[in-house]
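Dear colleague,

I am handing over the structure we spoke about, with the sequence and the model placed just below. My notes on it follow, and I would be glad if you read them with the model open.

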Amino acid sequence: PARDAEECAALAEEDKAWFRRWLDWTDENARFLHALRPIIGPPMAGRVDGTAAIVEDRGIVFLFNPNPGRKEARFKLDASIGLVKGGRFMIKELHPEEGRLVGSAEGLWAHGSEVVLSLPGREAAVYEVFPAPAELEEPVLFNVRGAASLQSTRLVLSDVSGETGTARPLLVLLPANARVRA
């Protein structure tokens with residue numbers, strides 16, 4: 001419960017579930033949080049601030065835009081955020097668009113790539129960074145929420161959604177041996 005029992009009782013069940021989910025997430029990810037480091041510079045007006053919590057080339061990036069308007073966050077996928085082994089990476093949004101994979105121009109991110117993410121004013125975002133699989137077994141959809149699958153030589157996108165009023169390049173990365181005709 002909150003420090004104020006009356007305040008806690010007044011919270012909507014949906015809000016309580018949201019808090020509980022993130023408190024549980026914190027417990028489950030404590031090993032990453034012990035490696036927390038600033039990645040963009042000190043918080044200040046005019047830019048997004050960020051921290052990374054990376055252990056063994058896997059972890060979390062937290063971003064916050066304290067400004068009234070949309071701003072870009074820029075950081076590199078390298079030792080400056082805790083990535084040391086190299087290779088290719090995937091980035092998955094955990095908040096606010098849970099489950100959306102964020103792709104580079106090629107889909108997967110190379111070690112050393114600069115990541116540029118746009119955040120609305122006064123908003124926070126959380127991303128998971130993790131090594132990409134050596135080979136894809138299924139198509140992977142980037143930049144929007146949804147699913148991609150192959151039905152013989154037909155590429156099927158389902159449950160595709162994005163932020164209202166925005167445009168994003170939709171990208172599908174196919175397994176090496178996949179052939180799409182429709």
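Is phenylalanine 19 buried, partly exposed or exposed? Phenylalanine 19 counts as partly exposed because its relative accessibility is 45%, where buried means under 20% relative accessible area, exposed means over 50%, and partly exposed lies in between, with a 1.4 Å probe and protein chains only. This residue is found in helix α2, which covers residues 13–28; helices here are DSSP runs of H or I with at least four residues, strands are runs of E with at least two, and both are numbered from the N terminus. Together with Trp18 and Leu23, Phe19 makes a nonpolar surface patch of about 320 Å². Such patches are made of residues with over 30% relative accessible area and no salt bridge, like charges being joined within 9 Å and nonpolar side chains (Val, Leu, Ile, Met, Phe, Trp, Tyr) within 5 Å.

Please keep in mind that this is a predicted model, in which local features need pLDDT of at least 70 and side-chain atom pairs count only at pLDDT 80 or more, while totals for chains, interfaces and linings use all residues. Residues are numbered from 1 along each chain as its sequence is written, and side-chain values use heavy atoms, with hydrogens and water left out.

As for the protein as a whole, there are 3 helices and 13 strands, and the C-alpha atoms fill a box of roughly 60 × 35 × 35 Å along the principal axes. Of its 182 residues, 34% count as buried. The accessible surface comes to about 10900 Å², of which 52% belongs to carbon and sulfur atoms; these areas come from the Shrake-Rupley method with a 1.4 Å probe, and for residues only the protein chains shown count as cover. Among the contacts (heavy atoms within 4.5 Å) with a separation of 6 or more, 65% are between residues 24 or more positions apart.

Turning to charges, the protein has 22 positive and 26 negative side chains, and the centres of the two sets lie 6 Å apart. Lys and Arg count as positive and Asp and Glu as negative, without His and the chain ends, and the place of a charge is taken as NZ of Lys, CZ of Arg, CG of Asp or CD of Glu.

A search of the whole structure finds 10 salt bridges, each being a side-chain nitrogen of Lys or Arg within 4 Å of a carboxyl oxygen of Asp or Glu. One of them pairs arginine 74 with glutamate 72, the closest N and O atoms being 3.0 Å apart; arginine 74 is partly exposed at 42% relative accessible area, and glutamate 72 is partly exposed at 46%.

Glutamate 97 forms a salt bridge with arginine 100, with 4.0 Å between the closest N and O atoms. Glutamate 97 is buried, with a relative accessible area of 9%, and arginine 100 counts as buried at 7%. Glutamate 97 also forms a salt bridge with arginine 145, where the closest N and O atoms are 3.9 Å apart. Since glutamate 97 lies in the loop between β5 and β6 and arginine 145 in strand β11 (residues 145–151), this pair ties together parts that are 48 residues apart in sequence. Arginine 145 counts as partly exposed at 30% relative accessibility. Salt bridges that share partners join Glu93, Glu97, Arg100, Arg145 and Arg168 into one network.

Some backbone details may also deserve a look. A cis peptide bond, with omega about 5 degrees, joins histidine 95 and proline 96, and proline 96 lies in the loop between β5 (88–95) and β6 (101–102). Aspartate 57, in the loop between β2 (49–55) and β3 (58–65), has a positive phi near 60 degrees although it is a residue other than glycine, and it is buried at 3% relative accessible area. Arginine 122, which is not a glycine either, has a positive phi of about 55 degrees; this arginine 122 lies in the loop between β8 (114–119) and β9 (123–131) and is exposed, with a relative accessible area of 57%.

Finally, arginine 181 lies in the segment after β13 (171–173) and is exposed, with a relative accessible area of 71%. The C-alpha atoms of arginine 181 and glutamate 163 are separated by 29 Å, the two residues being 18 apart along the chain.
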